[in-house]
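This briefing is meant for a reader who is meeting the structure for the first time. Please keep the sequence and the model in view while reading the points that follow.

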Amino acid sequence: MILKSSKNSMVTGHDIYHHLGLRSTDDCYGVYVGFQEINEQLAPTKVGRSKNAQAIQRGRAQGGANWWFVAYYELPTNADTHLVEREWKQQMQSQRIKQTTQRQTELYYLSPDDAVDELEALLISMGYEVRDLVDEVLEDQLHEQLD
């Protein structure tokens, strides 16, 4: 098993879209776990929803920051992303970082790997298929290295 938040397993939104064969304007509804990194300093874990992993990548990787997805779970519709996000926020309210200077509501005291475990459990409990696109990208990269 690959430790998902290790340095050599960083995945970007561009990696996800390349893996799926999508154009930058295509939708890919999902919920994600990720974090920013600046000068090897990691920001708190962020858990949110998206309709485009590349757009998240562009928005989060600014001001010299790198943005890394630890998990990106594909969901059928935009409405599903809202349902999962609402349930996540209710269940993880005690773990949410509340005092942020920019009113961010997606930051959590959880490690990236713990957030992944919690989010997968939530998706399963809500009846969703757990398809982590980050895992798929990492498996493809591993196969390419071995070939």
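This is a predicted model: local features need pLDDT of at least 70, side-chain atom pairs count only at pLDDT 80 or more; totals for chains, interfaces and linings use all residues.

## Loops, rings, a cavity and a helix

Proline 44 has a relative accessible area of 39%, a value between the 20% and 50% cut-offs, and therefore counts as partly exposed.

**Loops around strand 2**

- Proline 44 belongs to the loop that runs between strand 2 (41–42) and strand 3.
- Although proline 44 and isoleucine 97 are 53 residues apart along the chain, their C-alpha atoms are separated by 8.6 Å.
- The loop between strand 1 (30–38) and strand 2 contains asparagine 39, and glutamate 40 has its place in the loop between strand 1 and strand 2 as well.
- Most residues other than glycine have a negative phi.
- Asparagine 39 counts as exposed because its relative accessibility is 70%, which is over the 50% cut-off.
- Glutamate 40 likewise counts as exposed, because its relative accessibility of 64% is over 50%.

**Aromatic rings**

- The count of aromatic pairs in the model comes to five.
- One of them joins phenylalanine 69 and tyrosine 72 in an edge-to-face arrangement, with 5.5 Å from centre to centre and 80° between the planes, and both of these residues are buried.
- Tryptophan 88 and tyrosine 108 also form an edge-to-face pair, for which the centres are 5.5 Å apart and the angle between the planes is 75°.
- This second pair links distant parts of the chain, since tryptophan 88 sits in helix 3 and tyrosine 108 in strand 5 (residues 107–108), 20 residues apart.
- Tryptophan 88 counts as buried because its relative accessibility is 3%, which is under the 20% cut-off, and tyrosine 108, with a relative accessible area of 1%, is therefore buried too.
- Ring pairs also connect Tyr32, Trp67, Phe69 and Tyr72 into a cluster.

**The cavity**

- The structure holds one cavity of 30 Å³ or more, and the space within the largest cavity is about 30 Å³.
- The residues that line the largest cavity are Val31, Val47, Gly48, Val84, Glu85, Trp88 and Leu119.
- Strand 3 (45–50) and helix 3 (78–91) are the elements that give two or more residues to this lining, and the largest share, three residues, comes from helix 3.
- Sorted by class, the lining of the largest cavity has five nonpolar residues, one polar residue and one charged residue.

**Helix 5**

- Helix 5 (residues 133–146) has 14 residues, which at 1.5 Å a residue should span 20 Å, and the span agrees with this because the C-alpha atoms at its ends are 20 Å apart.
- Within helix 5, the residues Leu133, Val134, Val137 and Leu138 are buried.
- When helix 5 is seen down its axis, the buried residues fall within an arc of 140°, so they line one face of the helix.
- An α-helix has 3.6 residues a turn, so residues three or four places apart point the same way.

Conventions: Residues are numbered from 1 along each chain as its sequence is written. Side-chain values use heavy atoms; hydrogens and water are left out. On a 1 Å grid over the protein atoms alone, a cavity is a set of points where a 1.4 Å probe fits but cannot get out, and a pocket is an open set with protein on both sides within 12 Å along at least five of seven lines; lining residues have an atom within 4 Å of a point. Grid points are joined across faces, edges and corners, and a volume is the space filled by probe spheres set on the points. Helices (H or I, at least four residues) and strands (E, at least two) are DSSP runs, numbered from the N terminus. Ala, Val, Leu, Ile, Met, Phe, Trp, Tyr, Cys and Pro count as nonpolar, Asp, Glu, Lys and Arg as charged, and the others, Gly among them, as polar. Rings of Phe, Tyr and Trp (its six-membered ring) pair if their centres lie within 6.5 Å; planes under 30 degrees apart count as stacked, over 60 as edge-to-face and the rest as tilted. Buried means under 20% relative accessible area, exposed over 50%, partly exposed in between (1.4 Å probe, protein chains only). The expected span of a helix is 1.5 Å times one less than its number of residues. The arc is that of the directions from the helix axis to the C-beta atoms.
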